[in-house]
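User: Hi, I'm new to reading protein models. Could you walk me through this one?

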Amino acid sequence: MNLFDVYPLYPITPVKALDCIITDDKGIEYLDLYSGHGVISIGHTQPDYVAKIKDQLDNISFYSNAIQNPLQVELADKLGKLSGYTDYSLFLCSSGAEANENALKMASFHTNKSRVISFHNAFHGRTSAAVATTDNKKIIAPINAQQMVTFLPLNAIDLVEAELRKGDVACVIIEPIQGVGGLDQGTTEFFQALEKVCKANQVVLILDEVQSGFGRSGKFFAHQYHDIKPDIICMAKGMGNGFPIGGILIAPSFEASYGLLGTTFGGSHLACAASIAVLDIIQSQNLMGNAKKVEAYFMEAIKIIPEIIKVKGRGLMLGIEFDFDVSALRKKMIVEKHIFTGGSSNKNLLRILPPLTITTDAIDTFINALQESLVELK
């Protein structure tokens, strides 16, 4: 049997990793500045994290439904305190797409409406609202048989308000920093106006923090830069440091009932142990502070490269924009310079999503390699 060929693969086979370094089967070391779309938050095979996983494996590895799991309670408590959302409720699932799907369901159940507002270049998972076009046309695409999504330009609060006034919108879903779409983000003025207009029209505001959450932006959630409180917050990626886990935080205004939401793998003992370890290490090592410190260093150090048009993002969710397709540059960085970076739907953007433990020395290594690569590609 062959693998279904939907991902282009580099000829690299990792066999071990530690912190920000990955080693392949030939003994070559790679600097990981992409961490698998941002899933590695506390570093590869972090010792305390590994010990927590191993300890849990010695007891019970999986069971999540219909029985009490004290680790879920511990996770909810620590997550609430570190994020500042102690009055919200937690529902656990196993991926970002599943988190967003459950958020959309909650919004539909809560409002008895079905239409969804999203934004150009948004990405909310392969099974829900995918990437919209970048032109100024409004696009309507199906999420599923019951729901429709309307895509609007980012920061166009007047267009959002006009759609909400039609009375058929269940929710607005938005990334505080667009991931796959290219690191664009709304202004604080836009986010605050969006919160206000959603409340005025009884529309659920969903913040998709699947990639930007768990400290990646320098705050626990990136929307906290805008001083807003959404109704539902979606999480995944960095939540488990590579172990599959996702979840949504739900405002107190939503009423729970048996059978409302469901999951097979969400909230397992192993998943909870992984996420508890992540929270403990983010806090004990002040990794949100490190994200801000390294971002400031990066923003200043990268100025020596004149080919760069713009640096986008916040914290350690960054994008470097050029005036050319970066595919060859990214390949050269991986194959020859042994540095992992990422791409996006913006073909001119190089994405930087390292573990939150990254050092300024590693940033220097990257910038030197980037300078060399740009010269060699001329």
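User: Let's start with strands: how many bridges join β12 to β13?

Analyst: Keep in mind that this is a predicted model. Strand β13 covers residues 317-321, and β12 and β13 run antiparallel. In general, strands of a sheet pair through backbone hydrogen bonds. For β12 and β13, the number of bridges is five.

User: Which residue in β13 stands opposite Val 311?

Analyst: Strand β12 spans 310-314, and its partner β13 spans 317-321. So look within β13 for the residue across from Val 311: that's Ile 320.

User: Which strands are the edge strands of the open sheet?

Analyst: The sheet has three strands with antiparallel pairing, in the order β12-β13-β15. An edge strand here pairs on one side only. Neighbouring strands of the sheet are turned by 20° against each other on average, direction ignored. The edge strands are β12 (310-314) and β15 (349-352).

User: Now the second largest pocket. Which element gives the largest share of its lining?

Analyst: This pocket has a volume of about 790 Å³. Among its 28 lining residues, the closest to the centre include Gln 72, Leu 90 and Phe 91. Two elements give two or more residues to the lining, α3 (70-83) and β4 (89-93). The largest share is four residues, and it comes from β4.

Key. Residues numbered from 1 in each chain as written. Predicted model: local features only at pLDDT ≥ 70, side-chain atom pairs only at ≥ 80, totals over all residues. Heavy atoms only, no water. Pairing = 2+ DSSP bridges. Axes fitted to C-alpha atoms, helices over the stretch in contact; angles between N-to-C directions. 1 Å grid on protein atoms, 1.4 Å probe; cavity = no way out; pocket = protein on both sides within 12 Å on 5 of 7 lines; lining within 4 Å. Points joined across faces, edges and corners; volume = space filled by probe spheres on them.
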